[in-house]
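Here are some notes for a first look at this model. Please keep the structure open while reading.

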Amino acid sequence: MKGVYIFDTTLRDGEQTPGVNLNKIEKLEIAKQLEKLGVDVIEVGFPVTSSGDFEAVKLIAQSIKGPVITALARAVKSDIDTAWEAIKYSEKPRIHTFIATSEIHMKYKLNMTREEVLNKAAEMVAYAKGLCRDIEFSPEDATRTDVEFLYSIIETVIDAGATVINIPDTVGYSTPKEFGGLIAGIKKNVKNIDRAIISVHCHNDLGLAVANSLMAIENGAAQIECAVNGLGERAGNAALEEVVMGLKTRRDCFGATNHIISENIYNTSLLVKRLTGVDVQHNKAIVGANAFAHESGIHQHGVLNFSGTYEIMTPESIGLNRNSIVLGKHSGNHAFRQRIKDLGFENISEEAENKAFKKFKELTDRKKEIYDEDIKALINDELLISEEGYNLQYFHISSDSKPSAVSRVKLTLEDKSFEGEANGDGPVDALFNAIEKALGMDLCLKDYSLKSITHGRDAMGEVLVRIENQDKIYTGRAVSTDVIEASAKAYVNAINKILEKI
Ligand code: KIV
Ligand code: ZN
């Protein structure tokens, strides 16, 4: 059986999803989870785009040991130098450089001729090779590129030192038959192609990203670039979980193996949802809330008799527990610790575990049944809410059936305290106004959403806010059984992210 490398771009193309803005701690948390998932390559960012991204890439290159760590760079010396400066700490660094090759991009974006693009690509790959052994090259918009020109640029960059040739369907335009044919054509017509790995990077504008990627595997590609939950520019990238479960469930078709531990898929999806603030639709394949739910009586009956009647893969194979009621009021420290290990949180500090246990105990006073989802939310909260920045000390709201409400809040930052009082159109608006007044800020709330993590009246509510500051969007989130408290904490969490970037 042939092997397929799984290249994850959640932290680079995935972070280009509108409204997603991850700080370095969040990026590191996702990178650790990707390592646990077993991905071969992690594309951690585009370092030249901001100092925050540079620092995040450097931190991950220093901390993550198993997978290849790569960063993106245009075919420009300063981009390549910056990418190298950030990833050189990795045990397995790779520079990923790209230049557009389609007529439309060369004319309207680069204002360069074919010859200029070809020379630039060769020159920059050779330059990158002088810094790093492992070089990936992408001819951007490959699927709308003249195929003879594509063959010649691929041959040239392999001669210049490229080790991986990535074929991006940048605008999600290709179809499975066409894309499979393109990969087969490259294998057949590029004479030095056996000196490089063929990779593919498909966007989902026509909903074909996964199908195109799998077709590429059938035709000779050996690396798939994908993102958790299908995140990425516009309609996103091929969803990692769909690619992996497609390869696993239909191994009979594809005959390809990979290193992914599929039982870690669900927790990875959950973490990425939480940190990016981007939910997946309920009917999303593999990780959607309904992916393993059987509604009709006939289906339920069949599954109870034998799960294979309506399930082509088991929920357990992605790490989803069928019975998720776990702990309650009488559960002790030991059971709690065991449970969080079973849920896949392994390398948590003693301190974070103790704090999470304390929160768990408080939760059992407010909520009868504690589900796996509640525990994951508590742990993620404990791991991710940074100790730095403002802390909400108290809030008070007075509201009735009339639209106007009034709120008072107190926040602290180290040894300073800040108090504010304000009116608003309902309790949440009043609360946010009071926080802004206390901190002397004037922010623009772009999005607010509230959803329950589990079911029942006592379920924990998760609040997600997006606020705009100097043309950038910052996401904050928090959970609590009190949705007003969750709202206040989510707002403060987003404000703290602004502070980190200043
Ligand atoms: O979609 C694309 O073309 C890309 C490249 C930079 C690989 O993301
Ligand atoms: Zn892309």
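How far is an oxygen atom of ligand 1 from an N or O atom in the side chain of His 201?

1. The distance is 3.1 Å, between an oxygen atom of ligand 1 and a side-chain N or O atom of His 201. Bear in mind that the model is predicted.

2. Arg 12 places a polar side-chain atom 3.0 Å from an oxygen atom of ligand 1. His 203 also has a polar side-chain atom 3.0 Å from an oxygen atom of ligand 1. Taken on its own, ligand 1 has 260 Å² of accessible area, and the protein covers 94% of that.

3. Now the shell around ligand 1. Strands β5 (93-100), β6 (134-140) and β7 (164-169) each give two or more residues to it. Among the surrounding residues are Leu 72, His 96, Phe 98, Ser 138, Glu 140 and Asn 166. By class, the shell has three nonpolar, six polar and three charged residues.

4. Next, the zinc ion (ligand 2). Its protein donors are Asp 13 (OD), His 201 (NE2) and His 203 (NE2), at 2.0 to 2.1 Å. Along the chain, the donors are spaced as D-x187-H-x1-H. Asp 13 and His 201 lie 188 residues apart and link distant parts of the chain. Asp 13 sits in the loop between β2 (5-8) and α1 (24-37), while His 201 belongs to strand β8 (residues 197-202).

Note on methods
Residues are numbered from 1 along each chain as its sequence is written. Chains are lettered from A and ligands numbered from 1 in the order in which they are written. This is a predicted model: local features need pLDDT of at least 70, side-chain atom pairs count only at pLDDT 80 or more; totals for chains, interfaces and linings use all residues. Side-chain values use heavy atoms; hydrogens and water are left out. Donors are N, O and S atoms within 2.8 Å of the metal (3.2 Å for Na, K and Ca); water is not among the atoms, so sites may look incomplete. Helices (H or I, at least four residues) and strands (E, at least two) are DSSP runs, numbered from the N terminus. A residue is near a molecule or strand if one of its heavy atoms lies within 4 Å of it. A polar contact is a pair of N or O atoms within 3.5 Å; within protein, one must be able to donate a hydrogen and the other to accept it, and residues adjacent in sequence count only if both atoms are side-chain atoms. Accessible areas come from the Shrake-Rupley method with a 1.4 Å probe; for residues, only the protein chains shown count as cover. Ala, Val, Leu, Ile, Met, Phe, Trp, Tyr, Cys and Pro count as nonpolar, Asp, Glu, Lys and Arg as charged, and the others, Gly among them, as polar.
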